[in-house]
Each structure stands twice: as C-alpha cells, then as structure tokens.
Amino acid sequence: MTDVDYCVIGGGFAGLTAALRLKQAGREVALLEARDRLGGRTFTEVRADGSWIDRGGAWIGPGQDRIRALMTEFGISSYQQFTEGEALLVVDGKRHRYEGTIPWTMSPWAALNLGTVLLELGHMCKAIPLERPWAAKHADKWDRMSLAHWLDGNVLSKPARELLETAIAGLYTSDGSEVSLLFVLYQMASGGGPGFVLGVKDGAQDARPVGGMGAISGAMAAQMSDAIHLSQPVRRIDQDDDGVTVRSDEMTVCARRAIVAVPLAIASQIRYEPMLPVDRSFLHQRMPSGSILKIAAVYDEPFWRGDGLTGQSAAPGSPATITIDACTDTARPGILCVITEGSIARRIGRLDPAERRKAILGSLAERFGDKASFPVDYVEQDWSVERYSGGGMLSHAPTGVLTQFGPALRAPCGRVHWAGTESSAVMCGWVDGAVRSGERAASEVLQQETVTAADGRATER
C-alpha cells in the first residue's frame, strides 16, 4: 500500500501537469498510468536517425501560453510550421492550388459562401461565455441542433458544404451529425474563433516543439520519476471523510484527494464508491471520442516543397482526407502527416493493413505525384483502437448534452477532482487546454488544504 498526499490518475499532459505542480508545492504524489508509456493522446516516436514522429497531438499556436510556459521551464524551443507555397484542395475530382485559408480558386460562389459562413461562425462564437457555454443566450437552440443540420441550412454550395464538414467536424474526429452546434461554437470560441482553429500560420498549427511533444512530457516526468507508476489501469476509487483509496490490479494508493485526468469515456470504466453524482456519471456516458487515423509517410526529402507546395491538402471523402507537412526542424527526412477522421476512418480502419496503406498512398499520389507512392517508412496510429484513449483527440458533446450536463465538467465530486483538455474553458481540445486543466486541478486540491486549516484541522485526513 502506498500512502501519499494526492493521487493522480492518467499520465497525459493534464495528469503530468497536475502531478508536477503538486510535487513542486512540496506534496507527495503518486501518478498511476494505465499504459506502459506517458503522454496520453500525445505519443512521440524518436527514429534511429534522430528525427521524430508525433503520432498524436503535435502543434502549438499563439495564445497557448501554458504549454509555452512549460517549454520555457524546461528549455525546449519551438520551430515554425512550414507554410511557404500553396496548399491543395480536391473537390468534385478537381485539384485546386491556393494560398491562405480560403481556396479562392474554387468557383467564386463556393468561395464566397465559404467565407461568409466562417464569418458567421466567428460572430456566433463571440456570444459564448467560455466558463458557462450552456448559459449562452441561444444555448438551448444551438444545443438541439447538430453541426450538420446547421451547415445544411447555411451552406448553399455543395463543395463548400463538403469542405466545411471535413474541416470542422474533423476536429472532433466525427461526422457533423454527431456533434452539437453549441459544443462546436464553445470549442472554437475557447481557441479564439474559427480563424485560429482552422488556421496554420498564426493558428492552431503555427509551430511545433523541437523534439516533439515527448520532449516536454519526458522533461516533466524526469522531475518526478519516483511518483510515476506505469501499466497501472485504475479499477476503483473509494472515498470517505478521511480520504480516497485508489486501486489498480497491482497497487493500492491512499491519499487525501484524487485527480482523474483521463478521457471522459475512460473515466466511466472506473468504479466509484460511493457512486458519482448523476450528472457527472451521465456526462461520462454521453461525451464519446471519435475515430482518427494518423499516418506519417516518410521520404528522403520533402519533395512537395520543391513543387511549390506546403504539404497542406484536403480531399473530402478521400482515405487521406487531410495532409500537412510534419518535418522536424531540420527538414530532413521529409515527413507528410495524413489525418483521416470520422466515418471514413472507421471504414478504412476495417481494411487489411496492406489494403489500407495502398489506398492512402494512392490518394497521396493523385495529389502530390508518383513520388508519394514510395515512402521509405510508413507509420500508422489508429487512435480508435487505443484502449486507454477511447478514440480521437477530443471527447465531443452530441446534441442536448452540454446544456444538460455541462456544469458537471469541472465540478469536484467530493474528494475526486477532474482534469483533461475537455474541462478547460480556454484552448479546449489542445495540449495547452490539458496543461491548463492540470494546473487548475492541482490548485483546487491545494486550496482545500487552506480551507481545512482555516476550519482548525491540521490535515484533511
């Protein structure tokens, strides 16, 4: 049995940050992680040549101050995403090269419709109170409506409609029919609006850490290696007036409080005694993750740059739906990241691996030429089958969930506190949001020490 001040469940950026801040405050901490690695929905693979591949979350952008603060704390620098040249768009079998956010080489009507809708989404985002999106003036109306329903009524151009669903619903690794419009507006607003969310330069994919996300999580772990316990999926959390008891198959940890920092669907797999309040329990059942395949096609060099292309492309309905240049700061080797989400990811995920590779490389060849057919390496990550992620990069709220159960996202349940990017009112869905949530949860439990001391008790136990 391990006796500590606090127990953290989950070794992604939310849990690592919470544990780090508690350790730095002089508290004893045990962090239990179900996997045999840290990083959660980030996963950096360092290759033999010293280059790296981020199989999960990878990018940072302006306004993501907390992940930047961690990088400064550990001396980790960043480099800008490559954006020199033109992006590619394939719709209705036609290939368009363009610069900027909006592909004006589409029909003028489609491009105008696309721009108008993005402006309207930005206007709607400004009406969302980030701490309480369920209290927005039109919250009930927007929460009854799926993103797909809203797009159907507001996007008149079919190519623009397909592109918007790919770009926006893809954020939630789901189809537009699965996601509440209110949740979409909230998540976009938490990052500053659709321009940031969908943007590359000065947007959500503006830069990357040198060494990948693993450079940051590895530096954090090195400061508290004695507190980290891998391959320890938590099965049960008991709480009473004296504290919490956290049990995995091999460990029992007694602590004052617990911070659960795992995806919502995974949190539902833990047994809580006594049972959680109904709203929190139902929230676990109602905020699923989606499906996403993230693939790194590795080449000797980034040949697309020589063709005047950024590597950024989109082809709605394709097995290789979205691509982006994923080279390291040295630009060698050439790494093209392929992201496929939602129902298409589930469909091609059912293919034989060789067939799936053929389909994806075939799509890349149609877009970038024959050179794309012959990578020197091919690394595939299917987050849909990750047991301890439960799916894509962000749990999403279907219609009706946020207005009914949203207030339970951050509220502690007795001695059990919650962290995770979904619970962050700022940068919800990004690694920065995970860091913010971990810092908030650590602050919450430390504040309870102050409350109990003020009540005349020396400790919480």
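## Basis and terms

Buried here means under 20% relative accessible area, exposed means over 50%, and partly exposed lies in between, with a 1.4 Å probe and protein chains only. Helices (H or I, at least four residues) and strands (E, at least two) are DSSP runs, numbered from the N terminus.

This is a predicted model, in which local features need pLDDT of at least 70 and side-chain atom pairs count only at pLDDT 80 or more, while totals for chains, interfaces and linings use all residues. Residues are numbered from 1 along each chain as its sequence is written, and side-chain values use heavy atoms, with hydrogens and water left out.

## Strand 19 and its partners

Eight of the eight residues of strand 19 (334–341) are buried, so the strand is largely enclosed by the rest of the structure.

Two strands pair if DSSP finds at least two bridges between them. Strand 19 runs antiparallel to strand 16, joined by eight bridges, and alanine 297 has leucine 336 of strand 19 as its bridge partner. Strand 18 (residues 322–325) is also antiparallel to strand 19, with four bridges; here isoleucine 322 is partnered by isoleucine 339.

An open sheet of mixed pairing is formed by five strands in the order 1-13-12-11-15. Its edges are strand 1 (2–3) and strand 15 (271–273), each of which pairs on one side only. Within the sheet, strand 12 (residues 243–248) and strand 13 (residues 252–255) are antiparallel and share four bridges. Valine 246 lies opposite valine 253 of strand 13.

## Cavities

A cavity is a set of points, on a 1 Å grid over the protein atoms alone, where a 1.4 Å probe fits but cannot get out; a pocket is an open set with protein on both sides within 12 Å along at least five of seven lines, and lining residues have an atom within 4 Å of a point. Grid points are joined across faces, edges and corners, and a volume is the space filled by probe spheres set on the points. The structure holds two cavities of 30 Å³ or more.

The largest cavity has a volume of about 100 Å³. Of its 14 lining residues, Ile53, Asp54, Lys294, Ala296 and Ala326 are the closest to its centre. Strand 5 (52–54), strand 16 (292–299) and strand 19 each give two or more residues to this lining. By class, the lining has ten nonpolar, no polar and four charged residues, where Ala, Val, Leu, Ile, Met, Phe, Trp, Tyr, Cys and Pro count as nonpolar, Asp, Glu, Lys and Arg as charged, and the others, Gly among them, as polar. The second largest cavity has a volume of about 80 Å³, and its lining has eight nonpolar, two polar and two charged residues. Residues that line the second largest cavity include Val260, Arg280, Leu409, Trp418 and Glu422.

## The second largest pocket

The second largest pocket holds about 220 Å³ of space. Glu165, Thr166, Asp175, Glu341 and Ile344 are the closest to its centre among the 14 residues of the lining. Helix 6 (158–169) and helix 13 (342–349) each supply at least two lining residues, and helix 6 gives the most, with four. The lining divides into three nonpolar, seven polar and four charged residues.

## Helix 7

Ten of the ten residues of helix 7 (residues 181–190) are buried, so this helix is largely enclosed by the rest of the structure. The cover over its buried residues includes helix 3 (108–125), helix 4 (139–143), helix 5 (147–154), helix 6, helix 8 (194–198) and helix 15 (401–405).

At the start of helix 7, a side-chain oxygen of serine 180 comes within 3.1 Å of the backbone nitrogen of leucine 182. After helix 7 comes glycine 192, with a positive phi near 110°.

Threonine 17 is in helix 1 (residues 13–24) and is buried, with a relative accessible area of 0%. Not counting residues up to four places away in sequence, threonine 17 is in contact (heavy atoms within 4.5 Å) with Leu70, Met220, Val435, Gly438 and Glu439. Threonine 17 and leucine 70 are 53 residues apart in sequence, and their C-alpha atoms are 9.0 Å apart.

Threonine 421 is in the loop between strand 21 (416–418) and helix 16 (431–454), and is buried with a relative accessible area of 5%. Leaving aside neighbours within four places in sequence, the contacts of threonine 421 include Arg41, Leu394, Met427 and Trp430.

Methods
Polar contact = N/O pair within 3.5 Å; in protein donor to acceptor, adjacent residues only side chain to side chain.
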